[in-house]
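This briefing is meant for someone opening the structure for the first time. Please keep the sequence and the 3D view side by side while reading the points below.

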Amino acid sequence: MENLFVNRVRLNKGNVDNSKYPFNIKCLSNFDELKIDNSVTLFYGENGVGKSTLIEAIAIALGLNPEGGSNNMQFSNYDDYSELYKYVTISKFGVPKTKFFLRAESFYNVATDISNNSDLIYTTYGGEDLHSCSHGESFLKLVEHRFWDNGLYILDEPEAALSPQRQMTLLCYIHELAKNGSQFLIATHSPILLSYKYGKIIDMNNNMKEIKYEDTEIYKIYKDFLNNPYGMQKVLFEE
């Protein structure tokens, strides 16, 4: 794929203490280098496996605000992020037109920072205060108006704000932007986003090996549950 602004991520652990966070996370303790060769890379894995920790470290290493936003946003409401970024080296090719880190858990803070700049709202974010919309609507408005072609976008569990229908809408935005030179690094649990047929899934449950969509646990679980929801509940409830 062309226009890969990030093509390799290295973790320079040196003499770090593997018994301490974040290096005590199994996937990260075994991780040295990841080659990125797809415009949409999806990081998949169970809770606690290190998806958000890694995505956050990559974003900070690229000069983005830990709480989210563009490289021009440097507000801070809390300092609850790991030091992993200090050990991350990013191999880059070219300069993206724009960069943005979008994380569901601190999106409110990003929307507030945007709201405090009325000129920014009208020139860049579609002319509407993001706080005047629902969480999911504001999320998509930001993507619609602020995500441009030839950009680099790091998304941390974007599905948290979105219904399944809206996740499909986001998937369409991702596809169009990727076709027009943008790159995405996405940490997600969403079976809809993970299904993107032109993307590459990195399995953080299994030392960052590439995995096919149909081989992910999340695909198998959703498929089994939706095919037989009441039978699955019978098993879950031990009835």
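Just after helix H6, Gly181 adopts a positive phi of about 95°. This value, like the others here, comes from a predicted model. Helix H6 itself, covering residues 164-179, has 16 residues and reaches 23 Å from its first C-alpha to its last, which is close to the 22 Å expected at 1.5 Å a residue.

- The buried residues of H6 are Gln167, Leu170, Leu171, Ile174, Leu177 and Ala178, and because they cover an arc of only 130° around the axis, they lie on the same side of H6.
- As background to this arrangement, an α-helix has 3.6 residues a turn, so residues three or four places apart point the same way.
- The face of H6 that is turned away from the buried side carries the exposed residues Gln165, Cys172 and Lys179.
- Tyr173 also has its place in helix H6, and with 26% relative accessibility Tyr173 counts as partly exposed, since that class runs between the 20% limit for buried and the 50% limit for exposed.
- When neighbours within four places in sequence are left aside, Tyr173 is in contact with Leu140, Val143 and Glu144.
- Tyr173 and Phe147 are 26 residues apart along the chain, and their C-alpha atoms are separated by 8.9 Å.

**Helices H8 and H9**

- Helix H8 (residues 217-227) packs with helix H9 (residues 229-236) at an angle of about 105°, and their axes are 5 Å apart.
- Angles of 65 to 115 degrees count as roughly perpendicular, and H8 and H9 are therefore roughly perpendicular to each other.
- On the side of H8, the contact is made by Asp224, Phe225, Leu226 and Asn227, while H9 contributes Pro229, Met232, Gln233 and Leu236.
- Sorted by class, this contact of H8 with H9 has five nonpolar, two polar and one charged residues.

**Backbone features in the loops**

- Most residues other than glycine have a negative phi, and most peptide bonds are trans.
- Asn207, which is found in the loop between strand S9 (200-203) and strand S10 (209-211), has a positive phi near 55° although it is not a glycine.
- Met208 has its place in the loop between S9 and S10, and its phi is near 65°, again a positive value in a residue other than glycine.
- A cis peptide bond, with omega about 0°, joins Tyr21 and Pro22, and Pro22 is placed in the loop between strand S1 (6-11) and helix H1 (26-29).

- Leu64 lies in the loop between helix H2 (51-61) and strand S4 (69-70), and at 3% relative accessibility Leu64 counts as buried.
- Not counting residues up to four places away in sequence, Leu64 touches Ala59, Gly69, Ser70, Asn71, Lys99, Phe100, Phe101 and Ile154.
- Tyr153 has its place in strand S7 (residues 151-156), and at 0% relative accessibility Tyr153 counts as buried.
- With neighbours within four places in sequence left aside, the contacts of Tyr153 are Thr98, Phe100, Arg146, Phe147, Trp148, Ser182, Gln183, Phe184 and Leu185.
- For Tyr153 and Phe184, which are 31 residues apart along the chain, the C-alpha atoms are separated by 4.9 Å.

**The protein as a whole**

- There are nine helices and 10 strands in the protein, and buried residues make up 49% of its 239 residues.
- Of the contacts in the protein with a separation of 6 or more, 73% are accounted for by residues 24 or more positions apart.

How values were computed: Residues numbered from 1 in each chain as written. Predicted model: local features only at pLDDT ≥ 70, side-chain atom pairs only at ≥ 80, totals over all residues. Heavy atoms only, no water. Helix = DSSP H or I, 4+ residues; strand = E, 2+ residues; numbered from the N terminus. Expected span 1.5 Å × (residues − 1). Buried < 20%, exposed > 50% of the residue type's maximum accessible area, 1.4 Å probe, protein only. Arc of directions from axis to C-beta. Axes fitted to C-alpha atoms, helices over the stretch in contact; angles between N-to-C directions. Parallel < 35°, antiparallel > 145°, perpendicular 65-115°, else oblique. Contact = heavy atoms within 4.5 Å. Nonpolar A, V, L, I, M, F, W, Y, C, P; charged D, E, K, R; others polar.
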